[in-house]
Amino acid sequence: MTAWGSWDEAAFDAYLPANMVLGMTDIAVVVTDRLGNLLYMNRYAARLFRVTADAADLAGQPMLSLGLVADCDLRQLEELSGQVLRGRTWEGTFETKRPDGTHALIRAIAVPLRHPAGDIDGTVLLAREVSQRAGRSEEDRLALLERVGERLAGSLEIGATLRHVAEILVPQFADHCFIDLFQGDALIRRVQRHASDWMPPPGTWAQVGEQIHYPDGHFCQQAMAHLDTVIVTDLEDERYPAPSVESMSAADEAGLTSVVAAPLYARGVLLGVISLALSRLTDRNERHYDTPDRDLIGAIASRVAIAIDNAMLFETERQTALAFQKSLLPQAIPELDGLEVACRYVPAKPLETQGQGIQTQVGGDWYDIIPLAAGRVGIVIGDVEGRGARAAAIMGQLRAALRAFAQDEKPPADIMRKLDEWCRSLAPAAPDSAAGDPPTASCIYMIYDAWSRELTFANAGHDGPMLISGGEATQLEFRYKGVLLGVRGKGIRGLPIYKEETIIVPPAAILVFYTDGLTDRRTRADGAGHYSEDEATEMLRHAVRAAAASGDADVVATAAEYAVPGDIDDDMAILVAKSSPAELASCEQVFPAEPIMVSEARRLAAQTFRSWGMAVEQTELGCLLVSEVVTNAVLHASITPSPGRRFDLDLESVPMPVPAGSGSFPTLAGPRAAPTGPLAAAAANGAATVRPRSSRCGCDAAPARCGWRSSTRTCGCPGSGPRGRPTRADGAFTWSSSWPPGGDRGPRQRARPSGSRCRSARRTR
């Protein structure tokens with residue numbers, strides 16, 4: 001008989017060839033070259049990683065392409081490769097996701113593959129699955145608990161946290177996993193996962209989102225009552241009450257053999273219960289839990305409870321910040337003339353961001369619609385730098401300030417300058433510190449006149465909107481980009497320059513405003529990096545162009561929201577504005593500034609209203625408004641001011657200066673002594689009549705003209721209430737009054753009250 005040590009190498013290889021030894025070994029052996037390309041995989045490794053193709057055919061393919069390592073552990077694979085190629089041994093645990101969607105924890109050791117000359121040519125990986133029985137060793141138990149902790153720390157979103165737990169435990173340590181959490185006094189099933197894609201018959205076990213009742217004596221009830229882990233080694237020997245007869249029949253169908261239940265208890269509060277079960281759904285060597293499993297599941301449950309409690313606290317903070325921010329945004333879209341508007345605000349999901357940890361993802365994005373005088377509307381969209389409650393608070397202050405500034409009827413560039421000055425005033429008192437810098441924000445402020453279709457705007461560093469017209473979608477280019485609000489810090493001289501631009505919006509055109517959360521840092525569908533901003537913008541362009549065919553602003557807003565796939569890394573605001581496809585109905589007539597012309601204006605108004613098909617009650621109300629407004633215009637025109645001077649229109653004792661020949665809108669003057677005389681009395685009476693009967697009124701300014709446009713609150717038709725959504729053919733009625741003969745006439749003044757919004761009166765020219 002020959003001793004093992006006396007065999008030569010050739011005889012040993014003939015008796016036990018290497019391929020046979022590796023093929024019969026109950027451990028996975030994977031060999032790669034220096035670049036991570038597969039060189040060899042034994043049969044056990046193919047079974048472990050669920051590789052269906054022939055291992056010989058996979059030679060030369062990158063390990064990453066085979067999916068042997070889950071995406072969440074790619075960084076760990078890089079650490080493994082770097083350490084082994086430096087001549088060291090690596091030992092650890094990583095996760096693999098199999099083709100059937102199941103997850104498995106792999107315990108592995110990696111060593112260098114050395115050439116006879118001593119060079120390192122690759123890596124040899126020896127791996128095995130951390131199974132129920134293998135997890136009983138102290139080393140594997142610690143590795144598993146460490147792995148569970150890593151997965152739980154990867155998210156503060158409670159849904160993701162619970163899913164991670166179930167994916168780790170099934171099917172490695174259980175065939176069934178249930179997590180039930182208290183919601184008030186009710187116990188609600190939040191997660192259930194089963195091996196082999198098995199699902200319980202309907203009406204048997206409680207589904208996710210349903211309330212579950214455990215009877216007295218049930219192992220889950222005992223675990224919560226005693227705040228201790230309960231193990232049922234053999235369900236055939238120990239019978240426990242079931243929530244229902246149907247539940248018991250489903251347990252018999254699955255072939256449940258053993259159960260362990262552990263309370264989810266953290267910081268003195270019972271959050272719920274987690275239960276695991278083994279059954280005959282899978283082919284296992286061990287179908288029963290015992291004492292080491294009880295200790296392991298108890299340790300896992302304690303970590304899960306802390307993670308759930310942290311997630312619930314985080315969700316409470318996030319919902320508070322989100323509710324705070326949403327309360328600062330417009331709660332309803334105002335009724336507008338010749339403009340259809342749809343808005344969206346979407347907070348980002350809690351994500352782990354680079355260098356910033358877990359963020360609430362509530363930020364400072366906002367939008368606003370501001371009704372202005374003379375039927376015009378202010379459109380705002382902006383984004384405050386930063387995230388969290390502070391960014392939302394600054395956003396609320398900016399929005400309130402801009403709305404206040406807009407009431408002055410100043411041009412957009414002036415509004416931007418005032419808003420920048422106000423933004424810089426918010427800098428905290430922290431000299432020589434970064435904390436003392438003022439907040440910064442991007443913003444666009446636009447003023448749209450539905451009658452002239454003019455859109456005048458000023459920009460403070462915000463991206464331009466998409467303009468969809470004639471079947472084409474293009475990015476609106478700004479000649480003046482502007483600088484961010486608040487960017488000029490302390491000690492920097494000079495004021496930021498904001499300039500205005502004006503465009504004519506085509507009929508039925510759609511403008512899509514958005515913040516950078518829509519196009520920034522979207523993860524690609526294949527998980528390989530992020531879409532570039534140009535790629536995301538192109539996706540947005542195609543999506544809104546296709547949706548614009550519907551002619552509905554709300555459909556376009558929805559298309560923009562889902563244009564770029566993937567979870568958003570920042571919150572986003574979307575505002576879609578569609579112009580009227582038809583010109584707003586109007587009528588204009590010039591009269592001498594003589595009192596007798598008031599009745600002629602009233603007659604013309606009644607004739608026009610009847611031609612529009614208005615109801616009698618609405619016609620009478622409209623004629624009353626016309627009479628009062630034109631009377632004031634005639635009375636003030638008779639003063640005959642000189643060019644460049646101004647005169648006052650007294651409305652409810654609030655003087656309004658109107659510059660003669662100026663192209664800017666008038667502003668309300670401060671309180672002062674009420675003027676007296678018959679002219680002032682007539683003006684006050686007219687204002688008292690117009691104000692209560694009109695939804696809004698104001699001045700319409702253009703070179704050498706001013707006046708009032710007003711609109712009624714209701715259509716006046718039988719059974720009708722306040723007007724609904726804005727229409728595309730709301731009416732307007734315009735008169736011009738010339739100066740009386742003689743004297744210095746100055747520029748012509750024009751009064752323009754708007755007409756009915758009655759549905760039966762909508763007409764186009």
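Visitor: Is E409 buried or exposed in this model?
Guide: This is a predicted model, so keep that in mind throughout. E409 has a relative accessibility of 12%. The cut-off for buried is under 20%, so E409 counts as buried.

Visitor: Where does E409 lie?
Guide: Phi of E409 is positive, near 60 degrees, and E409 is a residue other than glycine. As for its place in the chain, α11 covers 412-424, and E409 lies in the loop between α10 and α11.

Visitor: D197 isn't a glycine either, so what is its phi? And is D197 buried or exposed?
Guide: D197 sits in the loop between β7 and α7. With 68% relative accessibility, D197 counts as exposed. Its phi is positive, at about 60 degrees.

Visitor: What is the strand order in the open sheet of 5 strands that has β6 in it?
Guide: β7 (186-194) and β8 (230-232) stand at the edges, because each has a single partner strand, and one side of each is left without a neighbour in the sheet. Neighbouring strands are turned by 15 degrees against each other on average, direction ignored. The pairing is antiparallel, and the order reads β7-β6-β10-β9-β8.

Visitor: Which residue of β7 stands opposite L181?
Guide: β6 (residues 176-183) and β7 run antiparallel, joined by 8 bridges. Look across from L181 to β7 and you find I188.

Visitor: What angle does the direction of helix α7 make with that of β9?
Guide: Helix α6 (residues 158-169) packs on this sheet, where it touches β6, β7 and β10 (269-278), and its direction makes about 45 degrees with that of β7. Helix α7 (residues 219-226) packs on the sheet too, touching β6, β7, β8, β9 (258-266) and β10. For α7 against β9, the angle is about 30 degrees.

Visitor: How many of the 11 residues of strand β15 are buried?
Guide: Strand β15 spans residues 377-387. It is largely enclosed by the rest of the structure, because the buried residues number 8 of the 11.

Visitor: What is the bridge partner of I381 in β16?
Guide: β15 is joined to β14 (residues 363-371) by 9 bridges, antiparallel, and D368 has V380 of β15 as its bridge partner. β15 also runs antiparallel to strand β16 (residues 441-449), with 8 bridges between them. In that pairing, the partner of I381 is I444.

Visitor: Which residue takes a positive phi in the hairpin of β14 and β15?
Guide: That hairpin has 5 residues between its strands. The positive phi is near 65 degrees, and the residue that takes it is A374.

Visitor: Which strands are at the edges of the sheet that includes β19?
Guide: 5 strands form this open sheet, in the order β11-β22-β21-β18-β19, with antiparallel pairing. Helix α13 (residues 553-561) packs on the sheet and touches β11, β21 and β22 (572-579). The strands that pair on one side only are β11 (339-346) and β19.

Visitor: And which residue is in the turn between β18 and β19 with a positive phi?
Guide: Strands β18 (residues 466-469) and β19 (residues 472-475) pair in the antiparallel sense over 4 bridges, with S469 bridged to E472. They form a hairpin with 2 residues between them. The turn residue with a positive phi, about 65 degrees, is G470.

Visitor: How many disulfides does the structure hold?
Guide: A disulfide is a covalent bond between the sulfur atoms of two cysteines. C343 is buried at a relative accessible area of 14%, and C623 counts as buried at 6%. The number of disulfides in the structure is 0.

Visitor: Are α9 and α10 roughly parallel or roughly antiparallel?
Guide: Helix α9 (residues 291-328) packs against helix α10 (residues 389-406) at about 10 degrees, with axes 9 Å apart. The contact involves F324, Q325 and L328 of α9 and, among those of α10, M395 and R399. Angles under 35 degrees count as roughly parallel, so the answer for α9 and α10 is roughly parallel.

Definitions and conventions. Residues numbered from 1 in each chain as written. Predicted model: local features only at pLDDT ≥ 70, side-chain atom pairs only at ≥ 80, totals over all residues. Heavy atoms only, no water. Axes fitted to C-alpha atoms, helices over the stretch in contact; angles between N-to-C directions. Parallel < 35°, antiparallel > 145°, perpendicular 65-115°, else oblique. Contact = heavy atoms within 4.5 Å. Pairing = 2+ DSSP bridges. Disulfide = S-S within 2.5 Å. Buried < 20%, exposed > 50% of the residue type's maximum accessible area, 1.4 Å probe, protein only.
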